[in-house]
Amino acid sequence: MKTSSSPALEQEFEHQPVPLSHRHSTRSVSAVWFGFPMILTNALFGGIITWHLGFWPALIAILLGNLVLFAYVGALSWYAGNSGMNFALQARRTFGSKGYILVSGFLSTVVIGWYAFQTGLTGTVINQTFGWNALAVTAFAMILYTGITFLGVRALSVLGMIAAPLFVVLGVVALWLISKQHDFSVVTQWKGSASAAGAMSMGTAVTMVVAGFADSGTMTADFTRWSKSGRSAVIAAFSAFPVANVISYLFGVVIVAAGAAVDPLTNGGNFLPMLMGHGAFLSVVACLFVFINLGSVCTHCLYNGAVGFSHLFSSKMRLWTVILGAIGGVLALAGVWSYFLEWLSLLGIVVPPFGAVMIVDLIFMARISEQRPAQRFRGDAFAAWAIGSLCAVIAHLAFPQFGEAVIGLVTAAVSYSLISRVRLPRPVMEKSNV
């Protein structure tokens, strides 16, 4: 039986653009992206930013970060919707037929790191909340998330349609429970913790928002290539940034600003603990919510990695879903995931310059890139990425208050524009016969 004959196991087009005949509706593609940022992690980060900066500065930082994400992810999505190309195919055009292997392999590995991290986190959260065996839960989560990803992008769309509304409903329930003991009228007056004053700058907060989706945001084409047009793909990106991302952050913002957070310095605006102790029904729903919520992140990351590696090895997405799902699951079971967060966050700083170079090359310099002969390794693209990444790392170490993620994006884009123009072949002037 051919997989393409089954709606649940349709062809994934790992090695070619998605034909228009197989594209999905705007609503379906938007559901894939809309459900992705609706995660507890964002509520946690929103609360931490608010704890440091106060209500209004936190709100400004979150909005600025999402505007950057929308411009960045929206541009890459627009090209994906018009071309039908996944991330690996796009990277091949910008970085070369051999050079793209470094780019796609690097990002595909990073997102599998996030998959392992979130899978291990599932076991830990369930253990801390309900007392269940963490290893057993992690193993179950690995099988569950791998199985959903195996079904393909349509399964991610369905999961998003469930995950996003459930997040909002339980978030509202948590706020309702909080309202019984806290006064929401003081929320906008929250100035930040005195003990945290000066520990986080506006630029650092913006970078935290951008870095949260730097990896999968750069690989957005794996999702938005299914859109019927560039406009449809941009709408799908907009549903995530700013809409879903801001909503998920706002729950954390309000919870911390109302003074209702449990350990806001490290736990931010995580509202899961607030749903406990209010009856068996709510506890069961909260348990399902953990799997659906973190599962949304894990399946998206695993899908990104599987599409990337399947293209690198001229194989199938579903085969690599099983392989990478098992590898990430083993890392999660071994507890290695707990060491990932710092280096994954650091890698998030050097990832956006890849996308910045691709945006300039594929969109703003489209006439040049489309006529350019195929190359094995495009040094211009890698040089611009290196400059942007170096600037981002220097900013991270020396002056993070200015926002290293944005600095990396801008310097990579400007560098590529300048390098490309300097390297353009000069027109040959014919001698005139006088």
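These questions and answers concern a predicted model.

Reader: How many of the 33 residues of H13 are buried?
Author: H13 is described as mostly covered. Buried here means under 20% relative accessible area. Of the 33 residues in H13, the number that are buried is 28.

Reader: Which residue just after H13 takes a positive phi?
Author: H13 ends at residue 312. Just after the helix, a phi of about 50 degrees occurs. The residue that takes this positive phi is serine 314.

Reader: Is serine 28 buried or exposed?
Author: Serine 28 lies in helix H1, residues 26–34. Leaving out residues up to four places away in sequence, Serine 28 touches Ser157 and Met161. Its relative accessible area is 11%, and the cut-off for buried is under 20%, so serine 28 is buried.

Reader: Which helices do the buried residues of H1 pack against?
Author: The buried residues of H1 are Ser28, Val29, Ser30, Ala31, Val32 and Trp33. They pack against H3, H7 (153–179), H9 (214–218), H10 (221–224), H11 (230–257) and H13.

Reader: Which helix gives the most to the nonpolar patch?
Author: Ile60, Leu64, Leu67 and Met202 make a nonpolar surface patch of about 340 Å². Leucine 67 is found in helix H3 and is exposed, with a relative accessible area of 52%. With three residues in the patch, the helix that gives the most is H3.

Reader: What is the N to O distance in the salt bridge of glutamate 12 and arginine 318?
Author: Glutamate 12 is in the segment before H1 and arginine 318 is in helix H14 (residues 317–333), 306 residues apart. Both glutamate 12 and arginine 318 are buried. Their side chains meet in a salt bridge with an N to O distance of 3.6 Å.

Reader: Which residue meets arginine 372 in a salt bridge?
Author: The count of salt bridges comes to two. Arginine 372 is buried, and its salt bridge has an N to O distance of 2.9 Å. The residue that meets arginine 372 is aspartate 361.

Technical notes
Residues are numbered from 1 along each chain as its sequence is written. This is a predicted model: local features need pLDDT of at least 70, side-chain atom pairs count only at pLDDT 80 or more; totals for chains, interfaces and linings use all residues. Side-chain values use heavy atoms; hydrogens and water are left out. Helices (H or I, at least four residues) and strands (E, at least two) are DSSP runs, numbered from the N terminus. The expected span of a helix is 1.5 Å times one less than its number of residues. Buried means under 20% relative accessible area, exposed over 50%, partly exposed in between (1.4 Å probe, protein chains only). Patches are made of residues with over 30% relative accessible area and no salt bridge: like charges are joined within 9 Å, nonpolar side chains (Val, Leu, Ile, Met, Phe, Trp, Tyr) within 5 Å. Accessible areas come from the Shrake-Rupley method with a 1.4 Å probe; for residues, only the protein chains shown count as cover. A salt bridge is a side-chain nitrogen of Lys or Arg within 4 Å of a carboxyl oxygen of Asp or Glu. Contact means heavy atoms within 4.5 Å.
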